[in-house]
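Work through the exercises below with the sequence and the structure at hand. Each task is followed by a solution in steps.

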Amino acid sequence: MASSTIPISQSKLVFSKQTITTHFNKFKTQIPFVSFSLKNTSTNFQSYLFTRNHKGYGGRQQQQVTINMPYKSVVVFATSTTEKQPPNKKRYPGESKGFVEEMRFVAMKLHTKDQSKEGEKEADVQPIMKWEPSIQGYLRFLVDSKVVYDTLETIIDKAAYPSYAEFRNTGLERSEKLAKDLEWFKGQGHEIPEPSAPGLSYAHYLKELSEKDPQAFLCHFYNVYFAHTAGGRMIGKKVAEKILKGKELEFYKWDGDLSQLLNNVRETLNRVAESWSREEKNHCLEETEKSFKHSGEILRLILS
């Protein structure tokens, strides 16, 4: 705090803005707020003058000027307050709506242009409308999908991390539904194949990930279940029209209102992610591409 004494006449008890500004110009400052107190009296008053422009952000700056008068003394406190502003914070797409929206945004960018208007990837297989699936190829897809869902649901049930337990009995579980579908195919005289490399490899990866990296694991949890309720349903419908005479498998049915089930899981994911740091959230988002890679390899079994 700096101070200075300026002699003035008693007649200058009431100052104009111009007078005070002139005095303070000697100290090379502009004052947004001035407080006057008269010593040896009970009179106190304050007046707003103008706001000081200041670059950057920081703390308060205070300057005291004592003005001596013939019998009385006026103490002027000039406080320069600079508004604190946070440093520039990067806003991630969807962040304002919750972390699940961030996950959705990243996932949609990894769709092909024919799958979604938000997609940015070039298709590496022919459009679904032109697929020529076979029963055996579809069975391979269903078997490997069941391996993945069995693994996901076992991990959630055992809950190596407390957050996993939040996703028990969500209504999105698919393992039992797939078991019923495979029994139906068996009853139709079809031979059920053994699990193949794509499903086994993904299941192994999920087990390892779940034990050491909960953020990355929950990225896969989100993408596997949510993708099946969207693009997965569309694929199931198209395949059923071509090789199953339109029969709807249990794999594509949910008990209860699907939109509500999804919303419940969405809210749980957002709540769990609230405790994550920004670095942990980014790590989760970065795992999305691996999830698409593994799921894509299983999906392509339909055409095998």
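**Exercise 1.** How many disulfides does a search of the whole structure find?

*Solution.* The model is a predicted one, in which local features need pLDDT of at least 70, side-chain atom pairs count only at pLDDT 80 or more, and totals for chains, interfaces and linings use all residues. Residues are numbered from 1 along each chain as its sequence is written, and side-chain values use heavy atoms, with hydrogens and water left out.

Step 1. A disulfide is a covalent bond between the sulfur atoms of two cysteines. The test applied here is a pair of cysteine sulfur atoms within 2.5 Å.

Step 2. Take Cys219: the closest cysteine sulfur to its own belongs to Cys284, at 4.5 Å, which is too far for a bond.

Step 3. The search of the whole structure gives zero disulfides.

**Exercise 2.** Decide whether Cys219 and Cys284 are buried or exposed.

*Solution.* Step 1. Buried means under 20% relative accessible area, exposed over 50%, and partly exposed in between, using a 1.4 Å probe and protein chains only.

Step 2. Cys219 has a relative accessible area of 1%, so this residue is buried.

Step 3. Cys284 has 0% relative accessibility and therefore also counts as buried.

**Exercise 3.** Describe the surroundings of Met103.

*Solution.* Step 1. Locate Met103: it lies in helix 2, residues 99-109. Helices (H or I, at least four residues) and strands (E, at least two) are DSSP runs, numbered from the N terminus.

Step 2. With a relative accessible area of 3%, Met103 is buried.

Step 3. List its contacts (heavy atoms within 4.5 Å). Leaving aside residues up to four places away in sequence, Met103 touches Leu218, Cys219, Tyr222, Cys284 and Leu285.

Step 4. Met103 and Cys219 are 116 residues apart along the chain, and their C-alpha atoms are separated by 7.8 Å.

**Exercise 4.** Find how helix 6 and helix 7 are oriented to each other.

*Solution.* Step 1. Helix 6 (residues 214-243) and helix 7 (residues 258-273) pack at about 160°, and their axes are 12 Å apart. Axes are lines fitted to C-alpha atoms, for helices over the stretch in contact, and angles run from 0 to 180 degrees between N-to-C directions.

Step 2. Angles under 35 degrees count as roughly parallel, over 145 as roughly antiparallel, 65 to 115 as roughly perpendicular and the rest as oblique. Helix 6 and helix 7 are therefore roughly antiparallel.

Step 3. Residues making the contact include Leu218 and Tyr222 of helix 6 and Leu262 and Val265 of helix 7.
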